[in-house]
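Dear colleague,

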Amino acid sequence: MMMRISDLKTHFPTPDGIVRAVDTIDLSIRDTETFGLIGETGCGKTVLGLTIMRLLHPATTVEGEIIYKGQNLLEASEAEMRTIRGREIAIILQNPTTSLNPVMKVGEQIAEAIRLHQGLNKKDAAAKAVEMLDAVRIPSPSQRANEYPHEFSGGMKQRVMIAMGLACNPSFIIADEPTKGLDVTIKAQIVELMREMTERKAMLLITHDLSVARELCDRIALMYAGELVEYAPLKGIFESPLHPYTRGFLGSLPERGLVPIPGMSPSLIDFPDGCRFHPRCEHATEVCRREHPELVEFNAGHFVRCHHARS
Amino acid sequence: MLEVEGLTKQFSSGIIKKRNVSAVDCVSFRIEKGKTLGLVGESGCGKTTIGRLILRLVEPTSGTVVFDGIDLFSLKRAELRKIRPRMQMIFQDPDSSLNPRMKIGTSIAEPMKLHDTVPKDERAQKIMELVETVGLNPEHVNRYPYQLSGGQNQRVVLARILALNPDLIIADEPTSSLDVSVQAQILNLMRDLQKKFNHTYLFISHDLEVVKIMADQIAVMYLGKLVEVGETPDVYNNAKHPYTQALLSSRRILLEGETPGPADIPTGCRFHPRCPQRRDKCAIEEPEPVEVGEGHYVACHLV
Amino acid sequence: MTGVTVKDVLGSLGLGILVILVAVSIFAPQIAPYDPHDTYKPMEHPSSEHLLGTNDVGNDILSEVIYGTRVSLFIAFTVSITAIVIGTALGLIAGYSGGVLGFLIMRIVDIFLTIPRLVLIIVIAAFMPRSIWTIIVVFIIFGWVMTARIVRSEVLTLRSQYYVESARMLGGSDLYILWRHILPNVIPLVVVQFIMEASHVIIAEAGLSFLGLGDPVARSWGTTFHYAFECPNIITSDVWMWWMLPPGLCIVATVLGFTFVGYALEERLNPKLKTVVGMGV
Ligand SMILES: Nc1ncnc2c1ncn2[C@@H]1O[C@H](COP(=O)(O)OP(=O)(O)OP(=O)(O)O)[C@@H](O)[C@H]1O
Ligand SMILES: Nc1ncnc2c1ncn2[C@@H]1O[C@H](COP(=O)(O)OP(=O)(O)O)[C@@H](O)[C@H]1O
Ligand code: SF4
Ligand code: SF4
Ligand SMILES: [Mg+2]
Ligand SMILES: [Mg+2]
């Protein structure tokens with residue numbers, strides 16, 4: 001087991017009230033698997049990733065446990081976290097355009113990440129950076145290393161982000177929407193690249209894009225209003241989804257009929273009582289309005305949070 | 001309804017060293033009334049520019065656009081202002097399509113005020129009608145755009161456009177910044193409205209699954225040029241251009257390389273550096289569009 | 001996060017200072033114990049009759065400072081309002097029309113920006129009749145430049161927003177778009193610019209008057225300062241404490257007042273800043 005998250009809560013105090021962006025998550029990620037995290041916008045996916053990396057503002061309240069290789073990350077000191085970030089766990093962020101420094105050469109940015117963690121000297125780090133660019137198939141890497149981010153296309157910037165994430169050979173990767181905003185043909189290339197580069201690593205893949213999830217993931221979890229509502233091996237989710245939200249989400253895909261889930265995702269300040277999905281659920285009954293369902297194992301390895309789960 | 005012929009746009013940038021960027025190059029197509037043409041292509045290939053050219057939000061370099069028998073490019077400013085309400089565009093990003101300091105209700109009322117289509121005392125009622133048509137709640141009217149989600153803002157944009165009762169709607173990636181369940185809501189809404197009001201759509205997208213559902217006809221664009229145009233089933237089932245084939249099977253056919261920018265367009269067929277089926281003459285000679293079936297045009301040396 | 005922030009406290013403090021100062025200048029005749037031009041025994045130390053004593057020609061210093069508030073604030077507000085209006089108008093034109101006119105405006109702005117503002121103001125003021133109108137005109141000539149530049153660059157960004165393009169598509173005229181869609185969105189910037197300009201003028205006017213270029217009749221704080229400084233032995237005796245310190249403190253208080261209000265407003269005026277999630281991802 002690479003990582004075990006239990007009872008995790010991440011709350012943001014705001015003037016309007018407490019935003020419960022992650023409100024209770026339990027999950028485990030195995031050594032070489034790719035675990036997909038899917039859900040509507042604003043349900044807390046990115047916050048979960050940032051919580052694991054401990055990259056949130058100090059005013060944020062985080063409770064629970066994140067056990068990584070036997071160590072609870074939430075109790076690690078900032079100094080310990082610095083050695084873990086990048087070397088052990090790397091994050092590949094949403095939106096490469098804002099994550100790359102526009103006034104620094106691409107090669108230097110990668111080299112800097114390498115030097116911070118591996119204590120290589122300048123020259124070796126620069127050489128390693130070129131090697132990484134080559135590994136993510138950027139043509140003429142030694143020349144490209146001396147260019148600035150704006151000279152790269154969207155797809156190439158995304159490759160650079162991947163190169164940076166993998167530069168220190170981490171064993172756990174968090175990828176937040178690595179294909180967002182990319183065109184179909186470029187997306188296919190990035191998916192191919194990610195598949196190869198992360199074959200022997202554990203990855204938490206956050207995405208809206210179900211076609212990407214289907215290509216890369218071993219298991220998939222659906223997140224709704226700060227909690228997981230269903231998780232199962234890839235096949236289980238796509239072929240026999242149990243939770244009404246999962247079914248609704250799949251049904252809104254153009255190739256599956258374009259039927260939207262009615263209503264809107266709830267405010268994270270004030271969840272509906274009982275099942276958080278009940279105002280939008282066509283199967284909701286009295287018990288759903290009253291009692292918050294637990295995540296239970298319905299079939300082997302297939303977990304669901306619903307009073308009326310059925311296949 | 002809408003006929004586009006030889007539409008071309010070159011942007012020139014730089015004051016001292018003039019550099020020409022050929023964003024749209026000799027594009028022709030037509031859309032019948034009440035139908036939808038899906039315009040597909042990678043980002044930067046010139047889709048948005050085509051939309052803005054048709055509305056004359058940018059001035060064309062050459063070509064003609066005939067809308068309902070009127071040659072748009074020969075109109076004077078005042079005449080153009082008169083005809084504008086009949087053609088409307090939904091822009092790529094719903095959040096920046098609304099003035100952040102205007103309440104939703106004011107934004108929806110704006111076109112009625114500008115064209116005086118609805119008398120003052122009936123406006124409030126009309127706004128409520130529109131709000132209901134697009135599936136918003138009455139209380140949204142008094143909010144500001146940042147207090148609504150992307151999907152709701154896109155509905156506001158739709159409501160505002162419907163206030164003018166246009167004939168042609170150009171939708172520029174109307175759902176690309178929304179997630180799948182909100183996307184489904186907006187696309188369904190657009191289809192219902194089309195049935196109800198007999199709108200003509202130019203539907204721009206880079207998502208082929210979406211276009212397949214929305215469009216009667218498809219035009220595939222690469223680097224400023226249309227490479228394949230045809231009825232949706234023809235293009236999906238019988239794609240002739242190697243680029244269209246790659247788009248449709250993006251999982252199996254991996255294209256090498258990336259789209260070059262419109263500033264340095266390859267010689268001959270502009271797709272040849274990435275084309276898995278290129279021949280010798282592709283690098284030299286530019287292919288002309290050829291009709292391969294009824295209304296199905298392809299620009300490739302293979303056909 | 002609690003309801004009241006440091007920003008709120010400072011902002012209210014600044015606003016309080018400004019309100020008091022404006023009230024003082026409006027009600028100067030009622031508040032001031034004497035007419036500032038009446039003369040009494042010169043060089044009196046503070047007493048119950050003259051709370052801040054009298055100056056070298058026998059004017060009551062307290063009354064002079066109170067009337068000085070009027071002069072200083074009048075100059076500050078007249079200059080900054082006029083300069084901001086001119087600057088905003090030129091910035092809007094330059095940013096929106098782009099063409100030859102916009103180009104010309106921006107070249108003029110560039111020229112002005114390369115000139116050291118205060119030095120030139122001093123030179124010009126030295127050759128013109130000594131009156132508050134001279135000061136006002138000279139400050140306006142230089143005051144609009146920064147605003148024009150800032151407004152123009154904001155208009156350039158706004159112009160490329162889809163909602164401006166939408167307004168054009170809906171059939172709005174240029175004037176309508178400027179008025180309804182562009183102006184309201186540059187106002188916050190303009191307000192902040194106004195506050196900066198006002199506090200700048202307070203300081204610059206004090207400096208100018210201190211150099212003896214102020215209006216000898218309508219005495220601002222700076223002018224009071226100037227006459228005090230010209231008086232021999234002012235620093236070595238205690239006299240500076242009631243002659244120089246009060247106008248000096250008034251200048252500092254005004255500048256702080258403007259600065260605090262500007263600091264608090266900057267965030268208030270931007271609806272998006274308030275709700276920003278602030279993670280950068
Ligand atoms: N610092 C913060 N303060 C207050 N609320 C926050 C903060 N950061 C995130 N949130 C809220 O937490 C929720 C989850 O945000 P998050 O970025 O994780 O969404 P997401 O699932 O990644 O969405 P998307 O798919 O759009 O990226 C949102 O409602 C967001 O507004
Ligand atoms: N105002 C402009 N000035 C210069 N180049 C532009 C301008 N607008 C668009 N372009 C260029 O034209 C090309 C096509 O852009 P666009 O139509 O927006 O593409 P799409 O909508 O297909 O993503 C791009 O390379 C873009 O950089
Ligand atoms: S618990 Fe009830 S409301 Fe919630 S998803 Fe299941 S059926 Fe629907
Ligand atoms: S013309 Fe040649 S290079 Fe172009 S698409 Fe056809 S085969 Fe490929
Ligand atoms: Mg996110
Ligand atoms: Mg576009």
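Predicted model: local features only at pLDDT ≥ 70, side-chain atom pairs only at ≥ 80, totals over all residues.

Chain C holds twelve helices and zero strands, and its 281 residues include 46% that are buried. Its C-alpha atoms fill a box of roughly 75 × 50 × 35 Å along the principal axes, and among its contacts with a separation of 6 or more, 70% are between residues 24 or more positions apart. The accessible surface of chain C is about 13,700 Å², and carbon and sulfur atoms account for 71% of that area.

On that surface there is a nonpolar patch of about 750 Å², to which C:Phe210, C:Trp240, C:Met241 and C:Leu245 belong, among others. Helix H10 (240-243) and helix H11 (245-268) of chain C are the elements that give two or more residues to the patch. C:Phe210 itself lies in helix H8 (residues 174-210), and with a relative accessible area of 31% it counts as partly exposed.

Turning to the ligands, the residues around ligand 3 come from chain A and include A:His243, A:Cys275, A:His278, A:Cys281 and A:Cys306; this shell divides into seven nonpolar, five polar and no charged residues. Ligand 4 is surrounded by 13 residues, the closest being B:Cys269, B:Cys275, B:Cys282, B:Cys300 and B:His301, and its shell divides into eight nonpolar, four polar and one charged.

Notes. Residues numbered from 1 in each chain as written. Chains lettered and ligands numbered in written order. Heavy atoms only, no water. Near = heavy atom within 4 Å. Nonpolar A, V, L, I, M, F, W, Y, C, P; charged D, E, K, R; others polar. Patch = residues over 30% accessible without salt bridge, like charges linked within 9 Å, V, L, I, M, F, W, Y side chains within 5 Å. Areas by Shrake-Rupley, 256 points an atom, 1.4 Å probe, with all protein chains shown as cover. Salt bridge = Lys/Arg side-chain N within 4 Å of Asp/Glu carboxyl O. Helix = DSSP H or I, 4+ residues; strand = E, 2+ residues; numbered from the N terminus. Buried < 20%, exposed > 50% of the residue type's maximum accessible area, 1.4 Å probe, protein only. Contact = heavy atoms within 4.5 Å.
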